[in-house]
Amino acid sequence: MKTRTIKKHLLTAIDAISSKPELCGYNPGVDFSRKRKITLKSLLTGLISMEGKSLSNEVIDIYKDSASIPSTSAFVQQRNKLKPEAVYDVFREFTKNTAIPAKKSLITLAVDGSEITIPDNPDDTITKIRHDGGTGFYNSLYLNALYDLSNGIYIDAEIQNGTEKNEHMSLQHMVDRSDIPQALIIADRGYESYNNLAHIQEKGWYFLIRVKDGAHGMKSGLDLPADDEFDIPISLSLTRKQTNEMKQLLKDKNHYRLLPSKTPFDYLPSKSRKHDPLILYQLNFRIVRFHLKDDTYETIVTNLDSVAYPPEEIKRLYALRWGIETSFRNLKYTMGLLKFHSKKAVCIRQEIYAKLIMYNFVGMITSHVIIKKKQRKHIYKANFSTAAHACRLYFLGNTSPPVLESIIASFLIPIRPDRHRKRYAKLGTMHEFFYRIA
């Protein structure tokens, strides 16, 4: 897809959403109904193009060609009228028109979540979280995302308040509303759940989820070999019924499983009374355990075909999941997700969706730029940081497609697939408003 076409798709998505102002504001028929310097379209465009500068400098960049640049106060007043869902709709519209292939090929998606620390607000109880040490609080939102590992873009996302974090529910929402005909979901241990497997199975998709390898979790309730490595097919009937007959069947752990009423499962009644009929839900999967290195093993639950996807291929596919971890790092630090232009959680939601849009815009353009192969020690790829800055310039009309593609093709970094670094988690990595780049 050409660079111009990608930009055209994004501008078309912005036009489509801004043409329905009654759906974008908190007061339908009032918000965005009057003619102002800051139109709904320019507001959406401005949010998407923001970097890490001060708000006044961001406004200058957005409206530089205007006879009179609006004040930051006017910009803030306009964005306070905007629902975050309107920016999400632009994200969905843009991604839908550019990312999903027409043919029914299997798309490989990774799902994961990332906490986003936001400015302190003791009065905002739905985002206020207690520190692990038990002393003090901080405010946060939680970003859940589906990431296309092949194309390097986000397919869907959902933002939850810090106190309402629920990765399982978010995954189920994103799977249920997707338009993708076939996909493989790759997930880490946090997504181990029969309800998740069932939602993906009902969608007609495939799952490849790492589960706990110890005494707790899904694996512990099955009769599995004592071998270090195995690949066992499981056909499990789930129920909430506890009749005498059912109790006998439940002794066969690889074919029957009782789900307590407190365990969420959307395809069985939440409770089962004595006179209710027996209802079983069939879940088919393989449980695969393979060796990593030293004395380390991993256990995977998947419904992929055992012939087409033997254990070595399962191991390779699971390793691809790291792509979403890298994307979160680029989203936060390269795209400037942690440099907010508001202290309000609702406005920060706008910026998160806007950053996802720009991330996809950069990813789509960069993936179509031809990198010339030369006699080098490593294979090279585009420098995402440089590409992000150049794509922003292009989006704002400050450069042309040939120049943009030349910049991306000139600034490269080597691909080192076997490099491993220790992971450091930093809490509260957020830039204060007084310390912004010019």
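A residue is called buried under 20% relative accessible area, exposed over 50%, and partly exposed in between (1.4 Å probe, protein chains only). The model is predicted, so that local features need pLDDT of at least 70 and side-chain atom pairs count only at pLDDT 80 or more, whereas totals for chains, interfaces and linings use all residues. Residues are numbered from 1 along each chain as its sequence is written, and side-chain values use heavy atoms, with hydrogens and water left out.

**Salt bridges**

A salt bridge is a side-chain nitrogen of Lys or Arg within 4 Å of a carboxyl oxygen of Asp or Glu.

| Pair | N to O distance | Relative accessibility |
|---|---|---|
| Arg392 and Glu51 | 3.7 Å | Arg392 5%; Glu51 17% |
| Arg321 and Asp112 | 3.1 Å | Arg321 6%; Asp112 10% |
| Lys219 and Asp213 | 3.0 Å | Lys219 13%; Asp213 27% |

Helices (H or I, at least four residues) and strands (E, at least two) are DSSP runs, numbered from the N terminus. The side chains of Arg392 and Glu51 meet in a salt bridge. This pair links distant parts of the chain, with Arg392 in helix α13 (residues 384-395) and Glu51 in the loop between α3 and α4, 341 residues apart. Arg392 is buried, and Glu51 also counts as buried.

Arg321 forms a salt bridge with Asp112. Arg321 lies in the loop between α10 and α11, and Asp112 in strand β1 (residues 107-118), so the pair ties together parts that are 209 residues apart in sequence. Arg321 is buried, and Asp112 counts as buried. In the bridge of Lys219 with Asp213, Lys219 is buried, while Asp213 counts as partly exposed. Salt bridges that share partners join Asp112, Asp188, Arg210, Glu298, Arg321 and Glu325 into one network.

**Strand β10 and its partners**

Five of the six residues of strand β10 (residues 297-302) are buried. Two strands pair if DSSP finds at least two bridges between them. Strand β6 (residues 206-211) runs antiparallel to β10, and four bridges join them; here Arg210 stands opposite Ile300. Strand β9 (residues 281-291) pairs with β10 in the antiparallel sense over six bridges, and Val288 has Ile300 in β10 as its bridge partner.

**Positive phi angles**

Most residues other than glycine have a negative phi. The hairpin of β9 and β10 has five residues between the strands, and in it Asp294 takes a positive phi near 50°. Asp294 is exposed, with a relative accessible area of 65%. Phe32 has a positive phi near 65° and is placed in the loop between α2 and α3. At 12% relative accessibility, Phe32 counts as buried.

**Packing of α4 and α5**

Axes are lines fitted to C-alpha atoms, for helices over the stretch in contact, and angles run from 0 to 180 degrees between N-to-C directions. Helix α4 (residues 55-62) and helix α5 (residues 72-79) pack at an angle of about 85°, with their axes 9 Å apart. The two helices are therefore roughly perpendicular to each other (angles under 35 degrees count as roughly parallel, over 145 as roughly antiparallel, 65 to 115 as roughly perpendicular and the rest as oblique). Leu55, Ser56, Val59 and Ile62 of α4 make the contact (heavy atoms within 4.5 Å) with Thr72, Phe75 and Val76 of α5.
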